[in-house]
Amino acid sequence: MTNFAQLFFDATSLGGLYAMAALGIALIFGVMNLVNFAHGEYIAFCVFALIVPSTDAVAVMFLGHAPALILIPVILALGGLVAVASEYAVFRHLRRADPVAMMIASFALGFVIRNALLAAYGGRPKAISLWPGLNMPVNIAGASVPLLQLIVIVTTLLVVTGLALLLKRTRIGLEMRAAAENFTMARLLGVRANRVITGAFALSGALAAAVALIMVTQTGVADVKMGGQIMLVAFIATVLGGLGSLPGAVAAGFLVGIVSVVLQAWLPLEARPFRDAFLYTLVIVCLLLRPQGLFVPASAKPRV
Amino acid sequence: MQSQHASNRIAAYSTPVILSGLLLGLVVLVALFGDKALARTAAETLVRVVLVVSLWIFVGNSGVISFGHAGYMAIGAYCSAWLTLKPQSKALFLPDLPDWLMQAQWPVFPAAIAGGVLAAFIALVSGAAILRLSGIAASIATFAFLAIVNTVYSNWEGVTGATSSVVGLPRYVDQWVALGWAVAAILAANLYANSASGLALRATREDEVAARASGIDMYRHRLLSLVISGFFTGVSGALLGHSIGVLNPDSFYLGITFISLAMLVVGGIGSLSGAVMGVLLLSLLIELLVRAEQGVAIGATHFAIPSGSQEILIGIAMILVLIVRPNGLTAGKEFKLKPQWLRQSRMYGAKSTN
């Protein structure tokens, strides 16, 4: 039973992290059909914003010095800012381009951000200790759970509910949903495209920043590569959930997290290094069974 | 009317001749005037031509972006390494290889073919699953495929040497070998693109629904093009391994995926000439930037751009091309003889026989 509780907390906290990353990608896809390959780099950017730019092996805190009450809003705002800036610099000029061109542009943008980070901070992973107290274990239901896992679970729930409220109850949320449903029609009915898209980017960037803070606290490492790994999982979750469906992205994010924790626990020892290979194979199998994803949004049906 | 059709076809087949002639001209120039370093660069560029042309066979004709081709490359490269390395060094570095593979010491050419065939086979298996998905979902599934290959090859200690590099590959790939394969890939790409399957596939690229209504089985043609593309991608991996002599799973990951897509996009996804021109232009740009990173002495002062700016500038160049010319520099046009010229010369020919 202890083992089960432990597994449950591991799985839900990892799933929550994936769900938040997937939401960031699904939001933008819903509004402008852009598969944003730069999302992982937003995460890496927010992580590195915590420390002073230098190529030394030891990380010196920069923004990370600030108390949590200031740090969290600042980093969230920074994430939103990077995302909005990338929209202004790149994607705004590609509004009429097809989704493939936008996808490649975002891939290129991610590559630029990644190499800029490499140039400023060097390629070696660095140790960062942000809020080390959060990794203290707490005893719940017979399992010792790091406090952070609980925070992640609670944060995910808060973010998802907050986002749901925003989308259902506010005007900008209504406009975003309308834009996701049918962008051209929404514009004809008076939805301001630029405002909606900027809003989606800002939210997506803030989500990336939240993911960054959690990852840094959890792993204690700042690595340029850390964005790429979670971005891939997030993509897979958005496709699995049905491209463009926000509840689908959250559900699939949790699902991928749970499956990956379960695989980690149950795979025989010699097969564990190949866990990701098993995970992705399962994903491809799953997509074969439901090519449109688990939750098919109404906008996914092609019109002829 | 028949003659117009015939001259159009001949004009279409003139593209590979023009492109191969261009590459041959470059190699001859390098051989006559270049030094050893330039010859190396030429060989690397031609290996990239093989890679990007084979990427084009799938991406250009189907319109589906593949992030998985670096995976096929890794498969081809490692296969060729297993077949050509000396049994002693395999026993030392790759102890878990099966016995027959351990003893194998093939000549380099059949080993490259074998690398291509294995990659084509994996392309068949993976494509059979991935290509059932629609465009963007398929692209992301190819990304998952790349991650699978990378995970397996970075962890399968006894067979791939995991993250420690495989060293000691015979370095036989000079610019002439690479030129041979580049010409072969260009010919194959052109033949496929002008075959019935290639034309059908391009019809699905333009309008999926209309193509299906005309009785085109999109899945089959996509799979066929992926298999052909997988073969040459595997060969390009083998060539890359045998030109630098060292293999590492991470050299077949995001970096090469990015650069090959960048070349394709900058040149123009829509045409074979675009693929080749993209490689040549970006390779030139990379070479210039690398030299600039090392520093240029102008007069007494030494100028150098900061290291790492090469990648950043390439990325920015790619974004600019996408914004300014979304269809790439060639915008889907091929270098070819004008059908009118062929028609006229034929008419004159017909007259003179009268």
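**Note on a predicted two-chain model**

1. Asn33(A) is partly exposed, because 17 other C-beta atoms lie within 10 Å. The scale runs as follows: a residue is buried with 20 or more other C-beta atoms within 10 Å of its own, exposed with 12 or fewer, and partly exposed in between, with C-beta atoms placed from the backbone. Asn33(A) sits in the loop between α1 (2-32) and α2 of chain A. Its phi is positive, about 55 degrees, although Asn33(A) is not a glycine. Most residues other than glycine have a negative phi.

2. Some ground rules. This is a predicted model, in which local features need pLDDT of at least 70, side-chain atom pairs count only at pLDDT 80 or more, and totals for chains, interfaces and linings use all residues. Residues are numbered from 1 along each chain as its sequence is written, while chains are lettered from A and ligands numbered from 1 in the order in which they are written.

3. Confidence in the model. The scores are ipTM 0.81 and pTM 0.84. The mean pLDDT (the predictor's confidence in each residue, from 0 to 100) is 82 for chain A, where 91% of residues reach 70 or more. For chain B the mean is 84, and 93% of residues reach 70 or more. In chain A, strand β2 (residues 137-140) has the lowest confidence, with a mean of 72, and helix α2 (residues 39-48) the highest, at 90.

4. Where should chain B be read with care? Where pLDDT is low, the predicted coordinates should not be read in detail.

5. Chain A overall. Chain A has 11 helices and four strands. These are DSSP runs, numbered from the N terminus: helices are H or I of at least four residues, strands E of at least two. The radius of gyration of chain A is 19 Å, close to the 19 Å that the globule rule gives for 304 residues, so chain A is as compact as a globular protein of that length. The radius is taken over C-alpha atoms, and the rule is 2.2 Å times the number of residues to the power 0.38. Of the 304 residues, 48% count as buried.

6. Chain B overall. Chain B has 16 helices and four strands. Its radius of gyration is 22 Å, close to the 20 Å from the globule rule for 354 residues, so chain B is as compact as a globular protein of that length. Along the principal axes its C-alpha trace spans about 75 × 60 × 45 Å. Of the 354 residues, 48% count as buried.

7. The record for chain B. An unreviewed UniProt entry annotates "transmembrane region" at residues 12-34, 46-68, 108-131, 136-156, 176-201, 222-240 and 252-285. Positions are given in the numbering used here, feature names are shortened, and annotations may be inferred rather than shown by experiment. In the model, residues 46-68 of chain B are 74% helix and 0% strand, with end C-alpha atoms 21 Å apart. Residues 252-285 of chain B are 82% helix and 0% strand, and their end C-alpha atoms lie 21 Å apart.

8. The contact between chains. Here 38 residues of chain A are in contact with 35 residues of chain B. Contact requires C-beta atoms, placed from the backbone, within 7 Å. On the chain A side, α4 (99-121), α9 (226-241) and α11 (275-289) each give two or more residues. The largest share, 15 residues, comes from α4(A). That side divides into 33 nonpolar residues, four polar and one charged. Nonpolar covers Ala, Val, Leu, Ile, Met, Phe, Trp, Tyr, Cys and Pro; charged covers Asp, Glu, Lys and Arg; the others, Gly among them, are polar.

9. Which residues touch the most other members of the largest nonpolar core? They are Ala22(A), Val211(A), Val50(B) and Val53(B), in a core of 207 residues. Helix α8 (residues 193-219) of chain A gives the most to this core, 17 residues. A nonpolar core is a set of buried Ala, Val, Leu, Ile, Met, Phe, Trp, Tyr and Cys residues joined through C-beta atoms within 7 Å. Leaving out residues up to four places away in sequence, Ala22(A) touches several residues, including Ala234(A), Thr238(A) and Gly253(A).

Terms used: Two residues are in contact if their C-beta atoms, placed from the backbone, lie within 7 Å.
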